[in-house]
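These are my notebook entries on a structure that I looked up. They turn to backbone features, then to the ligand site and the metal.

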Amino acid sequence: MSEDGLFELELVQPAVDDAGPRLVGPGAVHVPGWLTPVQQRWIVERFGEWTRGPVPLRAATLPGGHQMSVRTVCLGWHWQPYKYTRTASDVNGQPVLDLPDWMVRLGRKALAAAYTTEVAADPSLAALAGDYTPDAALVNWYQDGAAMGMHQDKDEASHAPVVSLSIGDTCRFRFGNTQTRTKPYTDVLLRSGDLFVFGGPSRFAFHGIPKVFAGTAPQDCGLEHGRINITMRVTGLS
Ligand code: MD3
Ligand code: FE
C-alpha cells in the first residue's frame with residue numbers, strides 16, 4: 001500500500017498505540033487529545049475574534065514572490081518573512097493584537113504536561129515550565145488543500161520551546177532533522193486537540209505540513225472544516 005493509503009487507513013482506524021504521549025525526537029513530545037472538546041470550541045470562538053482585526057488573516061508572501069497557502073493571524077508580535085514586528089507593515093500597518101494571559105498560562109500547562117509524561121520525563125525541562133512566557137503566537141488557518149513546506153523557525157532570538165496546538169481537520173506533520181529539509185524525517189498525524197512541544201535539540205529541526213485531510217474535523221471541535229494551528233513562541237525581542 002502507498003504511504004498515502006496507509007495514512008488514510010489510519011485516519012479511519014487509528015493504531016491502538018496511537019493514543020498515548022510519544023517522544024518523536026529529543027525534546028519533541030506529542031500529546032494526543034490534550035485539549036478537551038470544550039477547550040477546542042472556546043479557542044475556535046477566540047479565533048473568530050482575532051480574525052476580525054485590526055490585522056486580517058493573511059497569506060504571507062515569501063521573498064521569491066510565492067504566496068503561502070496557509071493564512072495566519074498573529075498575537076503579541078506580527079510575523080512576516082522573515083522577522084517579527086509590532087505592526088503588520090506587510091499587511092495594513094495596524095498594530096498586532098495582544099497575546100492574552102490565558103494563552104501564557106496554557107503554554108505553561110502545555111510544557112509541564114509534555115515534559116512530565118512518562119515517555120519524556122525530564123525534570124530539568126519540566127522545571128522550566130513555570131517560567132515559560134511566550135510573547136508571540138502564530139495562528140495558522142489551513143483550508144482547501146493548504147500545506148506548509150519544510151522549514152526551520154529561526155526568527156526568534158530565544159531557544160525556548162515552541163508549543164503547538166491543533167484544532168479541526170487531521171493533518172500529516174513531518175518532523176525532520178536539523179541539518180537538511182529532506183530525509184530522515186518522521187511523519188505524525190496531528191488530530192484535533194493534539195499538543196506538540198518542541199524544545200531542546202528539536203527546536204531548530206526542519207518541519208512542515210505536507211497534507212491536511214479535508215473533512216476529518218470531529219463534530220465537537222467547533223470547526224466544520226479546515227484546521228487551526230496555534231504555535232506559541234518566545235521571540236527574545238523587546
Ligand atoms: C518544530 N506550523 O507556524 S506546528 C509554523 O501546523 C509551523 O501550522 C505548523 O510550522 C502548523 O511555523 C507546524 C508544529 C511546529 C511548530 C513550530 C516549530 C513544529 C516546530 C518550531 C520548531 C520546531
Ligand atoms: Fe514552523
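**Entry 1: backbone.** I located Pro-184 in the loop between β9 (171-175) and β10 (186-190); helices (H or I, at least four residues) and strands (E, at least two) are DSSP runs, numbered from the N terminus. Lys-183 and Pro-184 are joined by a cis peptide bond, with omega about 5°. I found another cis bond from Gly-53 to Pro-54, where omega is near 10°. Pro-54 lies in the loop between α2 (37-50) and β3 (71-75). I also noted Asp-144, in the loop between β6 and β7, with a positive phi near 50°. For reference, most residues other than glycine have a negative phi, and most peptide bonds are trans.

**Entry 2: basis.** I record that this is a predicted model, in which local features need pLDDT of at least 70 and side-chain atom pairs count only at pLDDT 80 or more, while totals for chains, interfaces and linings use all residues. Residues are numbered from 1 along each chain as its sequence is written, chains are lettered from A and ligands numbered from 1 in the order in which they are written, and side-chain values use heavy atoms, with hydrogens and water left out.

**Entry 3: ligand 1.** Which residues come nearest to ligand 1? I listed Tyr-142, Asp-153, His-207, Arg-227 and Arg-233, out of 17 residues around the ligand (a heavy atom within 4 Å). The shell consists of six nonpolar, seven polar and four charged residues; Ala, Val, Leu, Ile, Met, Phe, Trp, Tyr, Cys and Pro count as nonpolar, Asp, Glu, Lys and Arg as charged, and the others, Gly among them, as polar. Strand β13 gives the most to this shell, four residues.

I then looked up polar contacts, pairs of N or O atoms within 3.5 Å. Polar side-chain atoms lie at these distances from an oxygen atom of ligand 1: Asp-153 at 2.7 Å, Arg-227 at 2.9 Å and Asn-140 at 3.0 Å. The protein covers 98% of the 490 Å² of accessible area that ligand 1 has on its own (Shrake-Rupley method, 1.4 Å probe).

**Entry 4: iron.** I found the iron ion (ligand 2) coordinated by His-151 (NE2), Asp-153 (OD) and His-207 (NE2), at 2.0 to 2.3 Å. Donors are N, O and S atoms within 2.8 Å of the metal (3.2 Å for Na, K and Ca); water is not among the atoms, so the site may look incomplete. The donor spacing in sequence is H-x1-D-x53-H. His-151 belongs to strand β7 and His-207 to strand β12, so the pair ties together parts 56 residues apart in sequence.

Key
Polar contact = N/O pair within 3.5 Å; in protein donor to acceptor, adjacent residues only side chain to side chain.
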